[in-house]
Amino acid sequence: MRSLAALIGLLAALSAGGTLAAEPAGRTPKPVVETATAGTQCVAPPEVMRRSHMDFLKHQRDDTVHGGIRGAKYSLKGCIDCHASPKTGSVAKAETNFCVSCHSYAAVKIDCFGCHASKPAEAVAQKEPK
Amino acid sequence: MSRRGFLGVAAAGLAGVMLAPGIRLIEIAQAAAPTAGASPKVRWGMLIDTTKCATGCTDCVTACNTENGLDPKPSPTSAQWIRKVEIKEIKTGRASSVPVMCQHCAEPPCVDVCPTGASFKRADGIVLVDRHSCIGCRYCVMACPYKARSFVHEELSDQKPDVPRGKGCVESCTLCVHRIDKGEKTTACAEACTRAGHGAIVFGDLNDAGSEISRRVREIQTTQLRADLKLDLGVRYHGI
């Protein structure tokens, strides 16, 4: 019985080590934050965005939907334009993509991308003709 | 150091100077000004001249579907923002083809019945659904006399970045609000109709006496659908 437990423990350690090879050893896998497109500048410093992006976006969405104000400082489209992954072209498609990587770590379920495109406009336009 | 050299160095230094915590001069220069938003002085509307609308032509419907990322091959349960209705007076046999979409009422029944305030009218007369607060009850679908609203039954993918839409929400014609907010002067359906050579749809500001739509509604007889309901529609029809 003890050998079985040891074997399970070993297997778990091995599989965790395999999937999180890039991670420093620790009990919790840290989110892999993909870097934004080179040469782009975020609208606020990272520590502000990490803490307050949800408030910025929620405030802006009412201004945009009800007031018709577009092109303001904060916008979900703006986030996606810089933070879409070069691999998947999206911020929410793969587990490692910008929005999903942190939100799965923090166990916060976001439904933004049930309606909003998770890809920049050019990526959607390219896909269309076929 | 020469005077010119000193100024050059000072200017270069200034670009990176922090004006206030987190704000640099260079960021102010990069930020584009936001649009002014919906103005209460404007009343967006459409004039549909059914004498010019061709039976069997569905260019407006196709253009709407493409512009807003709707189902290109609609099924009976797909969302539909604009549809072609063929009408015929039985006694005389006179037939017309009529595109029907959200009529953007000044007194919208969908807004009256919405339990969450998701269905609303913008300052410029465009009636919209705020999907952030829509709970999908479909009361507005029942209330609309024009059957203009649709419910999204299934999960969607590859939406247009300018037109977010998704499962569990009600939606309808937005008068191409994403275009209008950017300052464009026409909707996808009106553009397609003009391109097809019919010119049956005119979009514009009903409050601007100098606009084409105001001039046309002043000159020709126009009808509001179900005018007896006194909803003061933004869409007017000629020739029915």
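**Entry 1: B:Ile240**

I looked up B:Ile240 and found it in the segment after strand E11 (235–238) of chain B; helices (H or I, at least four residues) and strands (E, at least two) are DSSP runs, numbered from the N terminus. The model is predicted, so local features need pLDDT of at least 70 and side-chain atom pairs count only at pLDDT 80 or more, while totals for chains, interfaces and linings use all residues. Residues are numbered from 1 along each chain as its sequence is written, and chains are lettered from A and ligands numbered from 1 in the order in which they are written.

I then listed the contacts of B:Ile240 (C-beta atoms, placed from the backbone, within 7 Å). Leaving aside neighbours within four places in sequence, they are B:Thr50, B:Ile87, B:Ser96, B:Val98 and B:Thr223. B:Val98 is 142 residues away along the chain, yet its C-alpha atom and that of B:Ile240 are separated by 8.6 Å.

**Entry 2: the sheet around E3(B)**

I traced an open sheet of three strands in chain B, in the order E10-E3-E11 with mixed pairing; two strands pair if DSSP finds at least two bridges between them. The edge strands are E10 and E11 of chain B, each pairing on one side only. From one strand to the next the twist averages 20 degrees.

Strand E3 (residues 44–49) of chain B is mostly covered, with five of its six residues buried. With strand E10 (residues 201–205) of chain B, E3(B) pairs in the antiparallel sense over five bridges. With E11(B), E3(B) runs parallel and is joined by four bridges. I noted that B:Met46 stands opposite B:Phe203 in E10(B) and has B:Val235 as its bridge partner in E11(B). B:Ile48 stands opposite B:Tyr237 in E11(B).

Helix H8 (residues 212–219) of chain B packs on this sheet and touches E3, E10 and E11 of chain B. The direction of H8 makes about 115 degrees with that of E10(B); axes are lines fitted to C-alpha atoms, for helices over the stretch in contact, and angles run from 0 to 180 degrees between N-to-C directions.

**Entry 3: the nonpolar cores**

I looked up the nonpolar cores, which are sets of buried Ala, Val, Leu, Ile, Met, Phe, Trp, Tyr and Cys residues joined through C-beta atoms within 7 Å. The largest has 49 residues, and B:Met46, B:Ile48 and B:Cys189 are among those with the most contacts inside it. Which helix or strand gives the most to this core? H7(B) does, with five residues. Leaving aside neighbours within four places in sequence, B:Cys189 is in contact with B:Cys60, B:Ala63, B:Cys64, B:Ile82, B:Pro99 and B:Ile201. A second, separate core of 11 residues includes A:Cys79, A:Phe98, A:Cys99 and A:Phe113.

**Entry 4: the interface and confidence**

I found 25 residues of chain B in contact with 23 residues of chain A. H2 and helix H6 (177–181) of chain B are the elements that give two or more residues to that side of chain B.

Chain B averages a pLDDT (the predictor's confidence in each residue, from 0 to 100) of 90, and 87% of the residues score at least 70. Among the elements of chain B, helix H2 (residues 25–30) has the lowest mean pLDDT, 46. The model scores ipTM 0.80 and pTM 0.80.

Definitions and conventions
Two residues are in contact if their C-beta atoms, placed from the backbone, lie within 7 Å. A residue is buried if 20 or more other C-beta atoms lie within 10 Å of its own, exposed if 12 or fewer, and partly exposed in between; C-beta atoms are placed from the backbone.
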